[in-house]
Every structure is written in C-alpha cells, then in structure tokens.
Amino acid sequence: MIVCAQDVAILACDNCYALVGQRQGGFLGVLQRALARATSHIWFERFEIKDRELVTRRLREHVEDPNKLPILIFPEGTCINNSAVMMFKKGSFEVGGKIYPVAIK
C-alpha cells in the first residue's frame with residue numbers, strides 16, 4: 001500500500017477499498033493504524049511465516065463478507081517503480097471471490 005501509494009490514490013477515485021500490505025513503523029505506521037480504525041485493512045509482517053497463513057485466512061473471511069469493501073491487492077507482492085513487470089504471487093488468486101485485474105500505465 002505505502003510503496004505504491006500513487007496507484008492506490010488513482011484507484012480510490014473510483015471506489016473505496018480495503019488494503020493489504022506490509023506493516024510499517026514510524027509515520028507510515030501511524031497512518032496504517034488510522035486506516036485500520038476506519039475499515040478492515042489487512043496488515044502483515046513479511047518475514048513472519050505464521051503471518052502468511054493468518055493473512056490467507058483473513059483474506060478469505062473478508063471476501064466472503066458482502067458488507068466489507070473490495071480488497072485492493074498488488075499481486076506482484078512489491079512495487080518496483082515501473083521498471084519491469086513482476087511475476088504475480090499465486091496466493092492473491094487463491095482466496096476466492098471475484099478478481100478484477102487492473103493495469104495502470
């Protein structure tokens with residue numbers, strides 16, 4: 001979410017979204033905690049093995065609840081400043097629900 005903030009801002013012009021991203025510290029962490037109070041975002045620790053299973057479960061629960069916002073996921077798992085196209089991570093597509101791919105150039 002934080003690294004690709006410009007993409008989030010562009011997509012948020014169309015709809016409100018729940019976000020998935022790595023938990024941050026400092027000022028960005030303060031922003032994440034404020035967002036978490038506003039709606040059900042999913043933050044994780046990238047290097048915690050157990051967090052992967054927890055995130056998958058939380059994603060499934062989120063998409064099964066029709067009252068929750070659609071989730072904005074960057075399936076590459078990282079942002080590389082448009083220098084290349086990264087391979088998508090399969091976990092993004094295994095949680096169920098509808099998937100609407102979007103390409104921003």
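Helix α3 spans residues 49-64 and holds both E61 and R57. The two residues sit four apart, about one turn of the helix. This is a predicted model. In the model, the side chains of E61 and R57 form a salt bridge, with an N to O distance of 3.2 Å. Side chains of opposite charge can pair when their charged atoms come close. A search of the whole structure turns up one salt bridge.

How exposed are the two partners? E61 has 42% relative accessibility, so it counts as partly exposed. R57 has 45%, so R57 also counts as partly exposed. The cut-offs explain the label: buried means under 20%, and exposed means over 50%.

Now turn to H41. This residue lies in the loop between α2 (26-38) and β2 (42-44). Is H41 buried or exposed? Its relative accessibility is 7%, so H41 counts as buried. Which residues does H41 touch, leaving aside those up to four places away in sequence? The contacts are Y17, A18, L19, L35, A36 and R58.

Step back to the whole chain. Three helices and three strands make up its secondary structure elements. Along the sequence they follow the pattern α-β-α-β-α-β. The chain has 105 residues, and 24% of them are buried. H41, at 7% relative accessibility, is one of the buried residues.

Contacts across the sequence complete the picture. Take the contacts between residues at least 6 apart in sequence: 45% of these join residues at least 24 apart.

Terms used. Residues are numbered from 1 along each chain as its sequence is written. This is a predicted model: local features need pLDDT of at least 70, side-chain atom pairs count only at pLDDT 80 or more; totals for chains, interfaces and linings use all residues. Side-chain values use heavy atoms; hydrogens and water are left out. Buried means under 20% relative accessible area, exposed over 50%, partly exposed in between (1.4 Å probe, protein chains only). Contact means heavy atoms within 4.5 Å. A salt bridge is a side-chain nitrogen of Lys or Arg within 4 Å of a carboxyl oxygen of Asp or Glu.
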